[in-house]
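Colleague: Thanks for making time for this one. Could you show me the model, and then we can go through its strands, rings and cores together?

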Amino acid sequence: MSVIENEMEQLSDADRAARKVMTLMLLTFKNFTLYPENHTICINCIRKLRDALHDFFSAGATFKCGVEQDRLLFQGEPLYQHAGETPGENLPGILYRDGLRWITFHPDIEVFELNRFFNILQAYRFLDDEPEGDLVTALWEADLDHIGYDAVLYWEVEPLSRFPSLDPVGQPLQETRELMEISEHQGPQWPGEGSAPMVLWQLNEEEIDRLQRMIAQEEAWDATHDVLNVLLDILEEQHEPEDFSVVLEFLEEEYLNGLGHREFDFSARLITQMERIRQQFAMDHSWAVAHLNAFFQKISSVEAAEAIRRSLIADAGPLSDASLKAFKELLHHLSPDMAPLLAPMMVETRSPKLQRALMEGIASLLNRNLEPAERLLKSESEALVRMTVHILGYLKGESVNRLLLRMTRHSAAGVRKQALKSLIRRSPDRVESIFFLIDDPDVSIRRLLLNHLRKRRLASAEPLLVDYLETERCVPHGREHILACFSALGDCASSSAVPFLRETLLNRLWSGLFGGNHAHIKEGAARALAALNLEEAREVLQTASRSLAPHIRRISRMVMKERYGR
């Protein structure tokens, strides 16, 4: 036996299945880079990957793939290490670059979901100079039911850095270099003296270096920074309320003017310094605090929000990376009252980068004061409410849970689904408060809840599911829902559920409500017993396989053959 065969022999079934999934995943990614999605090779790869995932899921697990900069992991162990240097071929690097840290494939995943997933990967293999979106945003918008992910939001992990001062050292302008070369090699020509050159002077290396520094310093001079410092110095020197108010009014105009011209770094620095002055004056000049508070109300007004909107949305020009970074920093200094004024821009903008910056900034504001979120959740715009619910999923506090639970009863299915996703993300083991969504009119919401119960194998879900099935409330939603409920019970239950499942399969005479679903109930009970993987459950199935009732005998034998191979 070779070394490789020996290593494979020592692997568990789950590890072996995981390696197969990973291999097919990488192969599919590679083929999508070479062929169009409707090519036979790509179609076959997707189908094989789907089948490999279904084989993996048969063990009752979820395929959760960890993402590092150059590695993909399963259960903390690396399954793939990228060794090449081509960025567009580095799958873990592409995922990691846009903030993804986990990719999860859930049971019942469909071919179209995998196809969409790999198409998104292809669209964001490379970063353009002016990218139209990012991988995380594309996955969120795709809303794939059986593909989950965990992404790092930049505002969560690190504060936005201050702008470092510009390095005064630089290279001289091309024209300056040419002039110096003329000075050194030709010199001026005096009238009437023919072409004979005469050098008046020649710069030494130290003088040339000093001149270069002076030129670079002149080019890098930040006039707005100096103007701001002068204005703030003038403000701090005022000791009369009227004079103080005049300077504040001028600063308000400069702030709004900066917003309108995308000078977000100026506006952010102004707010930072004004916060410092307010703290300083609170101790020595208490009379000025009321004026300063009025200033902060003014810069968090509708007028300020409209200036930002005109700058970002109405002008519709692309933001440079430097301007976007400055805008992010500005958002962190604004009042939480600005959140409802800025939030509509998340829906209006066509730039995914700007949309993400707005979402992160609004999250930061709502983390400081949740009250403005109440107003946002009452909006008539479903898209705005859905984005707000998504943001709430990343905030802290029990009051956030109460808002999200309220949104699970919203009239729009998209809002309810996002609320359920946010609640699951925050508290994956708290099922009692969200279990009522098992009867939601939207099938994708019911499926999302049941898939979550199956994945987490929550013991607390067992009595809820037994009661739900026993009282026949599952019936109106049809066969797929009935079987999914029993499947979830089989994944969550213990031996205490065996009596109910035995009675359901062998003896119980269901009410007329079940109608044509009678056989589905029996099948669901049999599948749940098989999923329990208990000896007493297996004995029930064996008894049922010898039943005098043909449909019970047929169902039990079918399930036993699928589960036990006979």
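Colleague: How many bridges join β4 to strand β5?

Modeller: Happy to start there, with the reminder that this is a predicted model. Strand β5 covers residues 147-151 and runs antiparallel to β4. The number of bridges joining β4 to β5 is 5.

Colleague: And which residue in β4 is the bridge partner of Cys65?

Modeller: Here we turn to strand β1 (residues 63-67), which is joined to β4 (residues 100-105) by 4 bridges. These two strands also run antiparallel. The β4 partner of Cys65 is Ile103.

Colleague: Which ring does the charged end of Lys64 sit over?

Modeller: There are two charge-over-ring contacts to show you here. In one, Arg101 lies over the face of Tyr96, 3.8 Å from the ring centre. In the other, the charged end of Lys64 is 4.4 Å from the centre of its ring, and that ring belongs to Trp102.

Colleague: On to aromatic pairs: is the pair of Phe32 and Phe118 stacked, tilted or edge-to-face?

Modeller: Searching the whole structure gives 11 aromatic pairs. For Phe32 and Phe118 the centres are 5.7 Å apart and the planes make an angle of 35°. Stacked needs under 30 degrees and edge-to-face over 60, so the pair is tilted.

Colleague: How many residues apart are Phe32 and Phe118 in the chain?

Modeller: Phe32 belongs to helix α2 (residues 13-34), while Phe118 belongs to helix α5 (residues 111-123). Both are buried, and they are members of one aromatic cluster that also includes Phe56 and Phe105. The pair links distant parts of the chain, and the separation is 86 residues.

Colleague: Why is the pair of Phe435 and Tyr468 given its class?

Modeller: Phe435 is in the loop between α22 (413-426) and α23 (443-456) and Tyr468 is in helix α24 (residues 461-470), so the pair ties together parts 33 residues apart in sequence. Phe435 and Tyr468 are both buried. Their ring centres are 6.1 Å apart and their planes are at 90°, so the class is edge-to-face.

Colleague: Last one: which residues touch the most other members of the largest nonpolar core?

Modeller: That core has 116 residues. It draws at least three residues from each of domain 2 (223-345) and domain 3 (442-566). A second, separate core has 40 residues, including Phe56 and Ile103. In the largest core, the residues touching the most other members are Tyr255, Met274 and Leu453.

Note on methods: Residues numbered from 1 in each chain as written. Predicted model: local features only at pLDDT ≥ 70, side-chain atom pairs only at ≥ 80, totals over all residues. Heavy atoms only, no water. Core = buried A, V, L, I, M, F, W, Y, C linked by side-chain atoms within 4.5 Å. Buried < 20%, exposed > 50% of the residue type's maximum accessible area, 1.4 Å probe, protein only. Domains from an automatic or database assignment. Phe/Tyr/Trp six-rings, centres within 6.5 Å; stacked < 30°, edge-to-face > 60°. Lys NZ or Arg CZ within 6 Å of the ring centre and 35° of its normal. Pairing = 2+ DSSP bridges.
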